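This briefing sets out the helix geometry, the nonpolar core and the domain arrangement of one structure. Please consult the sequence and the model shown here.

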Amino acid sequence: MIEAFQGLVELSQVDTELAAHERERAEIPAKRAACAEERARIEAQREAARAAIGEAELVQRQSESLARDKQALLQKLESQQHQVKSNAAYTVLLHEMEQAREAISDAETKILEAMEVIEQSRASAASLDREAAGISARLEERERALDERESAAAGEIARLRARREDVARKLDAVILARYERIAGRRSPAVAVVSREICLGCRVDIPPQRYIEILKGEEVITCEYCHRILIHQDQLRHSAAS
Ligand SMILES: [Zn+2]
């Protein structure tokens with residue numbers, strides 16, 4: 001029976017370790033997705049800065065072109081000043097000249113505003129580019145570490161599964177089936193008993209049951225947490241043997 005207890009304790013330890021590595025491996029895809037998200041967020045910011053520059057440059061070019069056209073129109077109108085024959089025609093001409101001057105002034109304001117936007121956007125694009133280089137290097141490093149952790153976890157899982165098979169094979173089929181049923185609901189499935197207390201749930205073990213456990217003749221479970229109970233002394237004994 002001591003051998004079975006030893007097997008159960010080992011199986012329980014292997015299962016606990018296995019569960020930890022499986023949990024770690026399961027968390028990796030989300031961590032990798034977080035890296036991809038951060039990379040996309042920085043890229044979107046850089047793209048927005050580049051788009052702002054492009055938009056402002058377009059406004060600048062259009063306004064410069066408009067200002068040139070209106071400047072040419074104004075010169076043409078000015079040259080007509082001495083050719084007008086009537087007061088009414090002169091008033092119309094003056095009005096048209098005024099409109100051209102206003103259009104030139106508006107275009108010049110827009111050019112200045114666009115130039116300011118371009119300057120600010122270029123500065124923020126440059127700082128984002130610098131930031132992005134650092135972030136990208138950090139993300140790559142994080143992803144490499146995740147790859148390493150994933151393959152390390154996979155290696156440990158494979159090793160522990162093989163170990164588990166070895167331990168399980170040596171156990172009595174009925175005892176193993178009982179263990180598997182409990183392990184499906186409780187982790188760990190085995191609890192150590194110390195000073196008449198189940199260390200799995202911290203509840204006192206009734207005297208009669210405690211005597212049965214000390215005898216070590218059969219597998220006893222905790223009536224509260226349903227874990228397989230193994231006395232500390234049997235554990236020491238099994239560890240020594
Ligand atoms: Zn218990």
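The points below are grouped by topic.

This is a predicted model in which local features need pLDDT of at least 70, side-chain atom pairs count only at pLDDT 80 or more, and totals for chains, interfaces and linings use all residues. Residues are numbered from 1 along each chain as its sequence is written.

**Helix α1**
- Helices are DSSP runs (H or I, at least four residues) and strands likewise (E, at least two), numbered from the N terminus.
- The 79 residues of α1 (residues 2-80) should span 117 Å at 1.5 Å a residue, and the end C-alpha atoms are 118 Å apart, which agrees; the expected span is 1.5 Å times one less than the number of residues.
- At Ile-28, shortly before Pro-29, α1 has a kink of about 30 degrees, the bend being the angle between axes fitted to the seven residues ending there and the seven starting there.

**Nonpolar core**
- A nonpolar core joins buried Ala, Val, Leu, Ile, Met, Phe, Trp, Tyr and Cys residues through C-beta atoms within 7 Å; buried means that 20 or more other C-beta atoms, placed from the backbone, lie within 10 Å of a residue's own.
- Among the 21 residues of the largest such core, Leu-8, Val-190, Ile-228, Leu-229 and Ile-230 touch the most other members.
- The largest share of this core, 5 residues, comes from α1.
- Domain 1 (13-171) and domain 2 (174-240) both contribute residues, so this core lies between them.

**Domains**
- Domain bounds come from an automatic or database domain assignment.
- The centres of domain 1 and domain 2, taken over C-alpha atoms, are 61 Å apart.

Definitions and conventions:
Buried ≥ 20, exposed ≤ 12 C-beta atoms within 10 Å, placed from the backbone.
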